[in-house]
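Colleague: Could you walk me through this one? I am new to reading structures, so please spell out the terms as you go.

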Amino acid sequence: ALLVAACFDRDGFARMLEQCLALGLFALVEIFAVEELAHCLPAMEAAGPAIGDDGSVRLLLGVNCRDLRTLAVAFDRFAALAPALPQHWPLVAESGVGNAAEAAAVAAAGYRVALVGSALMRADDPAALARELLAAGRAAAA
């Protein structure tokens with residue numbers, strides 16, 4: 001389930017996260033600014049570990065660099081927010097990753113997952129682009 005932090009107040013977010021996890025869904029918490037993390041953090045910490053005892057993903061933390069009101073992409077948001085993000089959750093770079101250099105940059109900043117659907121849809125050879133993105137990300141994360 002995608003939980004966009006900007007859509008919830010603190011209590012609403014906590015209730016929605018609790019319901020997602022109770023239903024066995026994993027939650028991708030999406031933020032655009034560090035201030036949004038502040039009102040989600042207590043419920044995320046209370047939810048327990050991001051990875052379950054069985055190895056299943058329970059909770060991911062994503063940064064979206066696309067402004068959903070204007071659709072403008074600010075790629076530098078990933079690096080700007082990375083130092084403030086809790087590193088004990090798998091971090092997701094959402095939107096704006098379209099080439100190997102960008103995949104390497106987000107991986108080097110601590111993101112372990114990147115959403116790259118738009119880039120793959122625009123690519124002449126999506127499989128080749130996927131291989132390039134994976135290779136660049138893995139090399140930078142190593």
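Colleague: Which residues is L61 in contact with, leaving aside its neighbours within four places in sequence?

Modeller: Leaving those neighbours out, L61 is in contact with L28, V29, I31, L37, M44, L85, P86, W89, P90, L91 and V92, where contact means heavy atoms within 4.5 Å. Please keep in mind that this is a predicted model, in which local features need pLDDT of at least 70 and side-chain atom pairs count only at pLDDT 80 or more, while totals for chains, interfaces and linings use all residues. Residues are numbered from 1 along each chain as its sequence is written, and side-chain values use heavy atoms, with hydrogens and water left out.

Colleague: What is the largest nonpolar core like, and which residues have the most contacts inside it?

Modeller: The largest nonpolar core has 35 residues, and those with the most contacts inside it are L17, M44, L59, L61 and Y111. A nonpolar core here is a set of buried Ala, Val, Leu, Ile, Met, Phe, Trp, Tyr and Cys residues joined through side-chain atoms within 4.5 Å, and buried means under 20% relative accessible area, with exposed over 50% and partly exposed in between (1.4 Å probe, protein chains only).

Colleague: And which elements give two or more residues to this core?

Modeller: They are helix 1 (10-22), helix 2 (34-46), helix 3 (76-81), helix 4 (100-108) and helix 6 (126-141), together with strand 2 (27-31), strand 3 (59-64) and strand 4 (91-94). Helices (H or I, at least four residues) and strands (E, at least two) are DSSP runs, numbered from the N terminus.

Colleague: Stepping back, how many helices and strands are there, and in what order do the elements run?

Modeller: The protein chain has six helices and five strands, and from the N terminus their order is β-α-β-α-β-α-β-α-β-α-α. The radius of gyration is 15 Å, close to the 14 Å that the globule rule gives for 142 residues, so the chain is as compact as a globular protein of that length. That radius is taken over C-alpha atoms, and the rule is 2.2 Å times the number of residues to the power 0.38.

Colleague: How much of the chain counts as buried?

Modeller: Of the 142 residues, 39% count as buried. As for contacts between residues at least 6 apart in sequence, 63% of them join residues at least 24 apart.

Colleague: Back to V29, then: where is its place, and is it buried or exposed?

Modeller: V29 sits in strand 2, and it counts as buried because its relative accessibility is 0%. Not counting residues up to four places away in sequence, V29 touches L3, F13, C40, M44, L59, L60, L61 and G62.

Colleague: How far is V29 from L2, going by their C-alpha atoms?

Modeller: Those two C-alpha atoms are separated by 6.1 Å, although the residues are 27 apart along the chain. L2 is found in strand 1 (residues 2-4), and beyond residues up to four places away in sequence it touches L28 and E30.

Colleague: What about N64, is that one buried or exposed?

Modeller: N64, in strand 3, is buried, with a relative accessible area of 5%.

Colleague: New topic: what is the phi of S95?

Modeller: Phi of S95 is near 70°, a positive value in a residue other than glycine. Most residues other than glycine have a negative phi. S95 lies in the loop between strand 4 and helix 4, and at 17% relative accessibility it counts as buried.

Colleague: And what is the phi of L71?

Modeller: L71 has a positive phi of about 70° although it is not a glycine. L71 is in the loop between strand 3 and helix 3, and it is exposed, with a relative accessible area of 53%.
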